[in-house]
Amino acid sequence: MTPEVAGAPFRRIKVMLLTVGLGVGGTEGQVLEIAARLDRRRFEVSVCALKGADVLAHELRARGVRVITLDGKGAWDARVLYRLARVIRAERPDVIHAFLFWANCISRVLGRLLRVPVLISSYRDILLWARWGYRVCDRVTARWAQATTCCSEAVRRLALSEVGGDARTYVTIHNGVDVARFSLSRTVTRADVGLRDGVPVIGTVGRLIEPEKGIAVLLQGVARLAGPPAPLACQLLIVGDGPARGQLQELVERLGISSRVVFAGMRRDIADVLPLVDVFVMPSLSEGFGIAIVEAMAAGLPVVASDVGGIPEIVQHEETGLLVPPGDPAALAAALHELVTRPDRARALGACGRQRARERFSIESAVKRHEDLYAELMAQRLNPPPCA
């Protein structure tokens with residue numbers, strides 16, 4: 001028998017998640033998890049990327065998610081507008097949830113013209129409106145979306161200030177991780193990633209973009225740990241890649257810490273690598289959320305992180321880790337020194353962090369929040385409140 005909802009035959013809500021690309025990144029990882037985990041009994045899901053296929057496109061398809069790529073060649077490739085309009089007409093989605101600036105703006109314009117019932121934008125970065133052109137575009141088009149999701153309260157407050165609009169349409173949904181995946185035993189060894197045995201490991205994970213990610217500050221902090229009067233035995237593992245890798249490697253040489261630093265490059269087995277780390281560090285100068293911190297906490301690691309952006313919503317100072325001023329190598333070095341030299345304290349912070357990740361930042365909770373939002377907005381479109 002066909003289920004009934006409010007007297008009408010039940011059908012699944014068609015949700016299209018629209019993003020810019022499908023390379024490895026925090027936002028792209030969340031798109032992957034949301035798309036793969038939405039309840040298929042309630043939602044028919046597709047992912048559309050303005051660019052071409054990339055690593056996560058293959059993972060999405062392997063997890064049963066239909067992927068559409070528009071093969072855009074740059075920010076100003078106008079052909080993408082035509083291609084997306086054609087896809088929207090063919091797919092007829094009930095909900096388009098866009099991620100990242102260009103997807104936000106394009107979805108608002110085309111979605112409004114093509115009368116998509118529900119348009120949702122999302123903000124993930126606190127540096128987005130540093131460019132005046134982005135502010136103007138957002139302010140003109142943001143009102144065409146029924147809701148805007150933000151990955152942290154810090155991002156929500158800034159978005160409301162910079163873009164404006166009805167505060168009730170801004171929704172904070174923290175990123176989530178599969179906590180259980182970071183609690184399993186691993187087979188990756190230190191030798192596999194170029195680390196030495198018997199020496200504590202400080203680790204960080206992220207795209208190498210400077211100065212935003214603060215890796216140069218971290219390297220200066222490690223140089224302080226390696227210097228007089230009492231050099232600390234430690235090594236730094238940097239997992240990730242990006243445009244700043246070359247300049248960071250040059251800085252390592254200039255600081256004389258080449259023997260202490262390992263660039264592991266981009267890896268998709270972060271859950272296998274994190275158990276090799278003793279202290280996790282996130283030295284960002286700007287951070288909308290910091291999904292790598294949650295992953296480290298889920299793995300039971302103590303965290304040293306910058307007190308900036310959405311990070312304080314994750315890390316509780318002196319309870320799950322230590323927060324330090326952004327851009328301060330001395331403060332960063334002092335916090336790292338404390339946790340490397342006090343392993344009992346580090347383990348206690350890590351245990352509290354794992355519990356907090358499980359309770360506050362599970363992927364199941366994040367997906368449920370998205371499901372509820374999609375269903376609520378569709379219900380409002382189908383059954384609008386009577387006019388006052």
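Visitor: Which residues have the most contacts inside the largest nonpolar core?

Guide: This is a predicted model, and its largest nonpolar core has 52 residues. Those with the most contacts inside it are Tyr123, Leu237, Phe280, Ile293, Val303, Ile311 and Ile314. Among the elements giving it two or more residues are helix H4 (101-113), helix H6 (153-163) and strand E14 (303-306). Helix H11 gives the most, with seven residues.

Visitor: What does Ile311 touch?

Guide: Leaving out residues up to four places away in sequence, Ile311 touches Met282, Glu287, Phe289, Ile293, Ala305, Ser306 and Leu323.

Visitor: OK, now the sheet. What is the strand order, and is the pairing parallel or antiparallel?

Guide: In general, strands of a sheet pair through backbone hydrogen bonds, in either sense. Here, an open sheet of seven strands runs E5-E4-E3-E6-E7-E8-E9, with parallel pairing. Strands E5 (66-69) and E9 (170-172) sit at the edges, each pairing on one side only. Neighbouring strands are turned by 25 degrees against each other on average, ignoring direction.

Visitor: Which helix packs on the sheet?

Guide: Helix H14 (residues 363-382) does, touching E3, E4, E6, E7, E8 and E9. Its direction makes about 145 degrees with that of E7.

Visitor: And how do I read a helix like H8, say, which of its residues are buried?

Guide: An α-helix has 3.6 residues a turn, so residues three or four places apart point the same way. In H8, the buried ones are Ile215, Ala216, Val217, Leu218, Leu219, Gly221, Val222 and Leu225. They pack against several elements, including strand E10 (201-205), helix H9 (245-255) and helix H12 (329-341).

Notes
Residues are numbered from 1 along each chain as its sequence is written. This is a predicted model: local features need pLDDT of at least 70, side-chain atom pairs count only at pLDDT 80 or more; totals for chains, interfaces and linings use all residues. Side-chain values use heavy atoms; hydrogens and water are left out. Buried means under 20% relative accessible area, exposed over 50%, partly exposed in between (1.4 Å probe, protein chains only). Helices (H or I, at least four residues) and strands (E, at least two) are DSSP runs, numbered from the N terminus. Contact means heavy atoms within 4.5 Å. A nonpolar core is a set of buried Ala, Val, Leu, Ile, Met, Phe, Trp, Tyr and Cys residues joined through side-chain atoms within 4.5 Å. Two strands pair if DSSP finds at least two bridges between them. Axes are lines fitted to C-alpha atoms, for helices over the stretch in contact, and angles run from 0 to 180 degrees between N-to-C directions.
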